[in-house]
Structures are given as C-alpha cells and as structure tokens.
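Open the model in a viewer and keep the sequence panel beside it.

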Amino acid sequence: MPAPAGHVAHVPAHAEGRTRLAVARLLLEQGPITAAEVAAELELSAAAVRRHLDALIADGEAETRDAPRRTRRSRGRPAKHFLLTDAGRVRFGHGYDDLATSALRFLAAHAGEQAVGEFARSRVHELLGGAEDEIHAAGTPEERAEALAKVLTSRGYAAAAREAGHGVQLCQHHCPVAHVAAEFPELCEAETAAFAEVLGTHVQRLATIARGDSACTTHVPTVFPEAPERLRTGQRPGPLGQQATTTSPRGRQSS
C-alpha cells in the first residue's frame, strides 16, 4: 500500500549515507547531470534525490549550473545541472599524498637526506611566511603561541593554544601532510624547529598525527629557570633561520 501524501519514511542513517555517497559518485562520474537523470539512474524518487542534492550543496560538496538551451524554441526555465566541487571530490581521493611521497623518495635517492631536510625547512618557511612579524608583535610566550595558532588555522591546520601546567600546548587538529610526514618525519622536525624560532623559546613536540595521535601537540614553556638573555630583556625573537632549541620526534620511522 503506498504511503499517504506528505509521509516521510524513516531511513536508517547508514542507508542514508550509502545513498548520498551513490549520488555523489554519480555526480563525479557523469556530472554535470540533472536531478531527473540522477533519479532515473539510481531508481530513487525525485524527493529523495532533491534531499541528497540539497545536503551536498549545503556541505559545499556540490554546485549547480544552468543546462544549456538546446533550441530557440525551448520554453521555461532551463533544468539545473549538478556537479561536484573540489571539496566534494576529496571524499574520493586525489592521490596528491602518493605524488608528494614519490617526489620526496626521488629527492632522497638522487640528492640525499640533506636535500629532504632542506625542502622541509623551505616548506615550513613558506607556511609561516609573512606572519613572523605578527607573531613577534605579541609580548608573552602565551600571546605568541596564540598568534601562531591563529596563523596555522588560517593555513588549514585547525590549531588552538591552551594553558597546560607551566606552559601552553599548541594543538593542531588537522595536518594536510600527515600521510607524507609518516614516511618523512623531516617535515615534522622542520615545523617544530620553526615554531621554536618564531616563538623564541625551547619547544617540545609531544604528539603528531603522522605517528597516529589524534592531534599534533607542541608544548611551549612559559616558565624559564634560566631564560635566554633576549627573553629576560624583552628582546623579540629572531627571524626564521636563527638557532633555537627544540625537541621533536626521532628520525624516519620504519614502516
């Protein structure tokens, strides 16, 4: 017996997720495509297709464009075509990690481990490039850590600074290069060294996403038994490239 008009059947969350993935995959493989074509291909009702398409658009994973008019005699509004955005394609993988890892393997094999380290330092310098003065302008280590967290968040690292004992913990809840850093910890080591330099103090890397932890966590001490002269006198930290003390994860791990 058909459901009464206006009735919305309960759909288990796991089934809803599978259907949405199927809709997204169809947009990936055949898009731009109309809602009617999605419904016909997946044998879904128009209402169900619209619900999934609206959800994908709301999440920034799909977008629409007007279908081209085929003849001058066409009347009415043109049908909407749906296609995935770059964010929507991410769920199906890009292969960028594999490409980056292969490139670093090639670099290590043909130019040596030192070249990998130099690349890692250059990369983190570009990551923080232009923000050093903003971080230096903050007075205390806590304020500099907070400024660094804001810079990292703007670069896609979802970072936050929070008080922890005699210091601050800088937590990065996302790492765009985690899969590559799992094989090349030089990326993490260069990042830790750069943090120490830009903050002007010893730092200790406690955890990394690359090693399987839930976040990259760096301890920034705020109490110094024997603080460097430049910190006692209020002198601002030097630019990237000057020596700073760090403690970071050990060298390349075996897979």
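Select aspartate 66 first: at 49% relative accessibility it counts as partly exposed, a class that lies between buried (under 20% relative accessible area) and exposed (over 50%), computed with a 1.4 Å probe on protein chains only. This is a predicted model, in which local features need pLDDT of at least 70 and side-chain atom pairs count only at pLDDT 80 or more, while totals for chains, interfaces and linings use all residues. Residues are numbered from 1 along each chain as its sequence is written, and side-chain values use heavy atoms, with hydrogens and water left out.

Aspartate 66 belongs to strand E2 (residues 62-66) and lysine 80 to strand E3 (residues 80-84), so the bridge ties together parts that are 14 residues apart in sequence. Helices (H or I, at least four residues) and strands (E, at least two) are DSSP runs, numbered from the N terminus.

Now show the strands around this pair. Three of them form an open sheet in the order E1-E3-E2, with antiparallel pairing; two strands pair if DSSP finds at least two bridges between them. Strand E1 (33-34) and E2 are the edges and have a single partner strand each, so one side of each is left without a neighbour in the sheet. E2 and E3 are joined antiparallel by five bridges. Axes here are lines fitted to C-alpha atoms, for helices over the stretch in contact, and angles run from 0 to 180 degrees between N-to-C directions.

Next, go to helix H4 (residues 86-90), where arginine 89 and aspartate 86 are three residues apart and hence separated by about one helical turn. They form a salt bridge, the closest N and O atoms being 2.8 Å apart. Arginine 89 counts as partly exposed at 31% relative accessibility, and aspartate 86 as exposed at 58%.

Move on to H5 and H6. Their axes are 6 Å apart and the helices pack at an angle of about 135°. That makes H5 oblique to H6, since angles under 35 degrees count as roughly parallel, over 145 as roughly antiparallel, 65 to 115 as roughly perpendicular and the rest as oblique. Colour Leu104, Leu107, Ala108 and Ala111 of H5, then Glu113, Ala115, Val116 and Phe119 of H6, to see the contact; contact means heavy atoms within 4.5 Å.

Then select E4 and E5, an antiparallel pair with five bridges. Their hairpin has three residues between the strands, and glycine 165 takes a positive phi near 65° there. Alanine 159 stands opposite glutamine 172 in E5.

What surrounds glutamine 172? Leaving aside neighbours within four places in sequence, its contacts include Leu152, Tyr157, Phe195, Ile209 and Thr218, and also Glu191 and Arg205. Glutamine 172 counts as buried, at 0% relative accessibility.

Arginine 205 is buried at 4% relative accessibility, and glutamate 191 is buried at 5%. A search of the whole structure finds seven salt bridges.

Finish with the nonpolar residues. A nonpolar core is a set of buried Ala, Val, Leu, Ile, Met, Phe, Trp, Tyr and Cys residues joined through side-chain atoms within 4.5 Å. The largest has 38 residues, and those with the most contacts inside it are Leu128, Ile135, Leu148, Leu152, Leu170 and Leu199. Elements giving two or more residues include helix H8 (141-154), strand E5 (167-172) and helix H10 (186-199); H10 gives the most, with eight. Apart from this core lies another, of 14 residues, among them Leu27, Val38, Leu53 and Leu56.

Conventions:
A salt bridge is a side-chain nitrogen of Lys or Arg within 4 Å of a carboxyl oxygen of Asp or Glu.
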